[in-house]
Amino acid sequence: MSLASVRLEPIPSTTLATEFGTFVLQYHSAGYRQLGGKGYISLSMGDLQKDASLVRLQSACAFAAFRSLECDCGTQLQRALSSIAEEQRGVLIYGLDDEGRGAGIEAKVAGMYVEHALRCSSDEAYQQLGLERDYRTFKDEAAILKRLKIATHIRLIGSEDKCRALEDAGFMVERIHG
Ligand SMILES: [Zn+2]
C-alpha cells in the first residue's frame, strides 16, 4: 500500500442538490476502508441538534438504481428524502457496503437466483444458501449519528431491527412509518 493511497484527513462536507432539495453531503468511513472498514454517505438537512429529527438508515441497493420491481427500497429511499425535505430537517445514512443486508452483492445475486428458481422469499433463499437473514448491526450508523451531534430523541423511518439497534446505542427512538 502506498502512502498516497491512505487518506488521513476526513473529506470536508459539501452539498448535493436533488429533486427533493439540497442536502449536506458527507462521507464517513468506519475505519480506513482500505483496511476493511465500511463506507457511508449521509444526506442531511437543517439543525439536527433540535429534538426529534427524522432519521432513515438505508443500505445500498443496485437493483433500486435499475428501478427493479423486486424490491421496494428505491421507493423507501425517495419517500424518506422527500419527508426530510418537507420538514427541512433530518438525515439519511446510506451504507455503501451493505448490499444484500450486508451479505454483499454476490450473495444478493445468488439469492435472487435461488428466489426465482425455487419461487421462494428472499429470506428463504438466504437460508438455502446458508446465509444469515441480516448481517447488519447498525453500530456504525449509530456512531455516525453521534458524530453528527444529533439530538438523542429521533424519529426513525424504518424497521424494528434498526429501532432496537439505535435504542441499544442510547437513542430515544420514536418509530414512524415512512
Ligand atoms: Zn433494493
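I began with strands β4 (residues 53–59) and β5 (residues 90–95), which pair in the parallel sense over six bridges. For my notes, pairing needs at least two DSSP bridges between two strands, and strands (E, at least two residues) and helices (H or I, at least four) are DSSP runs numbered from the N terminus. Within this pair, I found leucine 92 of β5 as the bridge partner of arginine 56.

I kept in mind that this is a predicted model, where local features need pLDDT of at least 70, side-chain atom pairs count only at pLDDT 80 or more, and totals for chains, interfaces and linings use all residues. Residues are numbered from 1 along each chain as its sequence is written.

Then I turned to β6 (residues 153–157) and β7 (residues 172–176), which run parallel and are joined by five bridges. The chain passes from β6 through helix α6 (residues 160–168) to β7 in a right-handed β-α-β crossover (clockwise from the first strand over the helix to the second, with the strands pointing away from the viewer). Here leucine 156 has arginine 175 in β7 as its bridge partner.

Last, I checked helix α3 (residues 105–118): its 14 residues should span 20 Å at 1.5 Å a residue, and the end C-alpha atoms are 20 Å apart, so the two agree. The expected span is 1.5 Å times one less than the number of residues. Just after α3, I noted a positive phi of about 50 degrees at arginine 119.
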